[in-house]
Amino acid sequence: MIALLSHSKPDDSRRPRVEEVNVSTANDKLLQYLNEAQATEQALVSTLRAHIAMTPRGSYRDDLEEHLRTTRRHAQLVRERIGRLGTSFNPLALGIGLAETIAGQVMALGKMPVDILRGMSVEEKLLKNAKDECATEALEIATYMALESLAIDAGDLETAEVAARIRQDEEAFLQRLLEHIPQLSTMVAAAEIRGRHTVNVRTVGAADKARSTVRRARRTTRRATTRATTTATRTTKSTARTARKATRRAVAATSAPARREPWSGYDEQPAAEIADKVQQLPASRKERVREYEEQHKDRSTVVEAAQTS
């Protein structure tokens with residue numbers, strides 16, 4: 001048990017009252033809220049990716065892509081806090097109520113928009129997505145506000161700081177989303193009321209990603225082809241050089257004039273005797289012995305003895 005300062009103040013004193021808080025219970029409650037936040041972030045990653053895929057190029061998609069990166073960073077921060085508190089997500093340990101809450105958030109935030117299948121115009125789908133994103137951001141802001149307050153009451157200032165930082169990011173993104181609503185609404189009016197569509201489906205995220213994938217595949221193919229061609233060319237050149245050298249050696253061997261024995265009776269002498277004698281010869285005579293030996297018997301003992309230093 002640890003003593004923490006209470007926010008309540010008795011009538012007979014302006015000093016805060018001291019309460020006892022069970023550390024284990026406080027950690028469990030913090031883990032519950034952190035795991036709820038983690039589930040929300042993970043579900044939002046899927047939702048943002050789906051929305052980006054159907055959003056055309058422009059400031060709205062830029063904001064979505066930036067927030068997707070931010071959301072992944074938030075998930076990492078929350079995951080680190082869960083790890084430092086000593087456990088990972090365990091619905092049985094934290095209670096069936098937590099599991100039901102997280103499951104509901106995943107279903108609400110992680111689903112693909114059903115309206116995609118209802119013949120709605122792209123413009124109206126974009127507006128609906130933006131409204132859903134605003135609702136999600138409001139939920140996240142409330143989640144991190146509650147987590148921040150709970151962490152302060154539990155004495156976990158590090159978790160409180162993380163929650164406050166993430167909440168500020170979510171508030172900033174919600175403000176940017178609200179600024180897009182009027183323009184998206186104008187696009188809906190043009191499409192649904194006047195029949196004038198303003199979204200070019202060739203510029204939506206999915207189309208851009210498909211083209212980018214094709215370009216990367218082409219670049220990879222070109223690089224692989226270039227490497228293969230270069231390797232084949234080098235192999236061909238190396239083989240040709242080797243063949244030319246072998247041909248020159250063969251021609252030289254067949255066209256070289258027959259040499260006489262280095263001395264009379266050379267061919268009948270044992271290799272050991274020749275090797276002993278060669279060591280006493282001058283360099284020019286050694287060279288002649290070596291050449292003669294290589295062209296005829298090619299005995300290693302003699303050749304090594306005839307090597308000039």
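Trainee: In this predicted model, does Arg299 count as buried or exposed, and at what relative accessibility?

Mentor: Buried means under 20% relative accessible area. Arg299 falls under that cut-off, so Arg299 counts as buried, at a relative accessibility of 18%.

Trainee: Where is Arg299 placed, and which backbone oxygen does its side chain reach?

Mentor: Arg299 sits in the loop between helix 9 (283-295) and helix 10 (300-305). Leaving aside neighbours within four places in sequence, its contacts include Tyr266, Pro270 and Glu293. At 3.5 Å, its side chain reaches the backbone oxygen of Gln269.

Trainee: Which residue forms an aromatic pair with Tyr266 that ties together parts 26 residues apart in sequence?

Mentor: A search of the whole structure finds two aromatic pairs. One of them joins Trp263 and Tyr266 edge-to-face, with 5.1 Å centre to centre and 70 degrees between the planes. In the other, also edge-to-face, the centres of Tyr266 and Tyr292 are 5.4 Å apart and the planes are at 90 degrees. Tyr266 lies in the loop between helix 7 (205-255) and helix 8 (271-278) and its partner lies in helix 9, so the residue asked for is Tyr292.

Trainee: Which residues do the ring pairs link into a cluster?

Mentor: Tyr266 counts as buried at 1% relative accessibility, and Tyr292 is buried with a relative accessible area of 4%. Trp263 is buried as well. The cluster linked by ring pairs consists of Trp263, Tyr266 and Tyr292.

Trainee: How far from the centre of the ring of Trp263 is the charged end of Lys277?

Mentor: Trp263 has its ring paired with that of Tyr266. The charged end of Lys277 sits over the ring of Trp263, and its distance from the ring centre is 4.1 Å.

Trainee: Which backbone oxygen lies 2.5 Å from a polar atom of the side chain of Thr55?

Mentor: Thr55 is in the loop between helix 1 (23-53) and helix 2 (59-84). Thr55 counts as buried because its relative accessibility is 2%. Beyond its neighbours within four places in sequence, it is in contact with residues including Tyr60, Leu126 and Val204. The backbone oxygen at 2.5 Å belongs to His51.

Trainee: How far apart are the end C-alpha atoms of helix 5?

Mentor: Helix 5 has 33 residues, 122-154, and at 1.5 Å a residue they should span 48 Å. Just after the helix, Gly155 takes a positive phi of about 80 degrees.

Methods
Residues numbered from 1 in each chain as written. Heavy atoms only, no water. Helix = DSSP H or I, 4+ residues; strand = E, 2+ residues; numbered from the N terminus. Buried < 20%, exposed > 50% of the residue type's maximum accessible area, 1.4 Å probe, protein only. Polar contact = N/O pair within 3.5 Å; in protein donor to acceptor, adjacent residues only side chain to side chain. Contact = heavy atoms within 4.5 Å. Expected span 1.5 Å × (residues − 1). Phe/Tyr/Trp six-rings, centres within 6.5 Å; stacked < 30°, edge-to-face > 60°. Lys NZ or Arg CZ within 6 Å of the ring centre and 35° of its normal.
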